[in-house]
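This report describes the chains of one model, beginning with a single chain and moving on to the ways in which parts touch.

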Amino acid sequence: MSWYTLSPVEIQAFTLSLWVATVSVVFSLPIATGVAFLLARRRFWGHGLLNALVHLPLVLPPVVTGYLLLVAFGRRGIFGPVLEVLGLQLAFTSAGAALAAAVMAFPLIVRAIRLALEAVDPKLEEAANTLGASPLRVFGFVTLPLILPGVLAGAVVGFAKALGEFGATITFVSNIPGETQTIASAIYALLQVPGQEAAVGRMIGLSVLLSVGALLLSEILARRMVRK
Amino acid sequence: MTVELNIQLQRDEFFLDAYLSAPAGVTVIFGPSGSGKTTLLRAVAGLERVDSGYISIDKANIVGQAPYKRAVGYVFQEPRLFPHITVLKNLKFAQKMGRMGGGQDVDEVIDLLELRPLLSRYSAALSGGEAQRVALGRALLSAPKCLCLDEPLSALDHALKQRILPYLERLRNQTKIPILYVTHDASEMARLADHIVLMQAGRSVLSGSATKVLADPAAVPFLGVRAAGTVISGCIMPPDPITGLAIMSFAGGQLILPELSQPAGREVRIRIAAQDIILATEMPKGLSALNIFHGVITDMHQGQGPGVMVQFRVGQTLFLARITQYSAGKMGLALGKTVFAIVKASAFDPAGIGT
């Protein structure tokens with residue numbers, strides 16, 4: 001076995017990280033777009049509250065966020081009975097890891113999309129409205145195409161954040177090899193044991209590969225958008 | 001189609017209380033800035049909520065309807081083209097969204113506004129006048145039952161305005177929907193208006209057909225002294241065989257117009273400013289002026305300043321002249337008296353000549 005051969009546990013950590021980051025971004029993106037739209041375009045009662053709630057994971061210590069997730073979605077948590085009825089278990093599962101990553105990435109995604117939305121002149125939306133386009137069509141035909149670069153930017157920072165998420169994840173879903181052990185928690189576990197430098201090096205190489213890969217992909221997509 | 005409205009709305013310190021009835025053709029809403037013209041237009045399009053009253057298109061009340069359901073086309077002061085798609089796609093978008101579907105043909109609108117060379121461009125590559133023409137075409141293609149034009153030429157310089165006005169005239173002559181046109185430019189009003197609504201401090205103070213309102217001395221305080229003047233419609237005659245000067249014939253006589261370059265047989269309207277007419281009680285002799293008319297005083301209106309507005313009739317056409325109170329007193333002008341009006345041919349504002 002040469003130094004660069006990945007062990008099965010390491011491969012699992014790699015694929016799990018990729019899965020967690022992808023799933024969390026895919027699920028967050030539409031919700032984040034909706035929330036960003038509400039925050040940027042509508043004035044309503046509870047606007048400030050929603051804004052604070054969205055940003056909470058950004059300012060709270062990740063361990064606290066992880067603990068709050070446990071309180072909410074743990075088996076004995078507030079939504080525990082509901083989840084049990086649905087046959088869903090989140091605490092200590094890979095789905096829970098995706099949830100923790102999504103919650104942590106959410107404020108970053110919302111911020112990126114909101115910035116893009118605020119750069120779109122509402123007068124254009126008003127004009128589309130007078131041409132007979134319903135609010136939903138205005139969003140689909142005018143707003144969304146104009147904020148697409150911002151949505152892409154949100155997806156990239158969200159993906160990176162989800163990939164590197166550690167504190168909330170380890171608190172909420174622990175560090176079970178093959179189930180909830182991501183690259184970040186695998187590196188942490190490996191560092192606890194002496195003589196694992198080669199394994200640590202491999203995991204670090206993998207995370208660099210994933211991050212740079214995501215960045216390159218977004219660059220290519222962004223260029224294609226501009227060309228269009 | 002007819003647009004009728006009677007609305008009231010309160011915004012902070014501003015109160016709008018407006019009534020108007022606009023048949024097919026151009027209804028110009030004229031007034032100083034802050035008089036509520038734009039608010040009125042936005043209320044028609046549903047972009048401004050009204051507190052009470054009604055807005056109807058062909059007797060159907062549209063108050064409370066979402067803007068996109070109203071079929072009210074709107075051209076804003078800025079073109080507001082969608083920057084991420086081409087001109088052609090901007091036009092197609094409007095056609096697709098205008099629910100009635102059976103709106104105007106894209107090619108027809110493209111030809112009417114001469115948009116063909118612009119179709120593949122993006123809005124960033126258009127000049128102000130081009131972009132506004134596209135915005136106009138886009139609004140037309142959304143199959144509107146009523147068109148609102150909110151100072152569409154105000155962002156353009158004088159020369160560009162003169163180039164766009166013919167398109168608007170063509171539009172007026174070819175569509176059968178009411179067009180509400182907001183402006184504070186008197187020559188634009190004179191060229192385009194079939195009907196006029198004068199606004200002041202949130203209220204519609206005077207309305208009627210363009211020829212009537214513009215010849216009404218009571219309207220002068222709202223129009224402003226400089227904007228006062230009548231619009232005369234007539235037909236271009238073959239040029240005078242001896243002098244070569246262009247002639248326009250109207251109901252009451254003939255005007256000699258040296259600066260006019262329109263083909264014979266064409267229907268035109270020209271604006272004659274009230275301050276460009278000189279009155280005399282006897283037939284003047286030895287004057288360089290080419291146009292001297294014989295009329296009867298039908299109305300006189302004293303303003304707040306030193307001037308007095310004199311309305312007089314030449315044949316069936318009403319004219320408006322502004323002279324000083326002192327002159328009017330000295331000449332003994334009164335209703336029913338005969339006057340001679342001297343109109344300097346060079347006084348015709350070429351910008352005020354329309355078709």
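## Chain A and its contacts

In chain A, 76% of the contacts with a separation of 6 or more are between residues 24 or more positions apart, where a contact means that the C-beta atoms of two residues, placed from the backbone, lie within 7 Å. The model is predicted, with local features needing pLDDT of at least 70 and side-chain atom pairs counting only at pLDDT 80 or more, while totals for chains, interfaces and linings use all residues. Residues are numbered from 1 along each chain as its sequence is written, and chains are lettered from A and ligands numbered from 1 in the order in which they are written.

Chain A has 10 helices and zero strands, these being DSSP runs numbered from the N terminus (helices H or I, at least four residues; strands E, at least two). Of the 228 residues in chain A, 39% are buried, that is, with 20 or more other C-beta atoms, placed from the backbone, within 10 Å of their own.

The contact between the chains takes 15 residues from chain A and 19 residues from chain B. On the chain B side, two elements each supply at least two residues, as listed here.

| Element of chain B | Residues |
|---|---|
| Strand 6 | 72–75 |
| Helix 2 | 87–97 |

The side of chain B that touches chain A has 12 nonpolar, four polar and three charged residues, with Ala, Val, Leu, Ile, Met, Phe, Trp, Tyr, Cys and Pro counted as nonpolar, Asp, Glu, Lys and Arg as charged, and the others, Gly among them, as polar.

Notes: A residue is buried if 20 or more other C-beta atoms lie within 10 Å of its own, exposed if 12 or fewer, and partly exposed in between; C-beta atoms are placed from the backbone.
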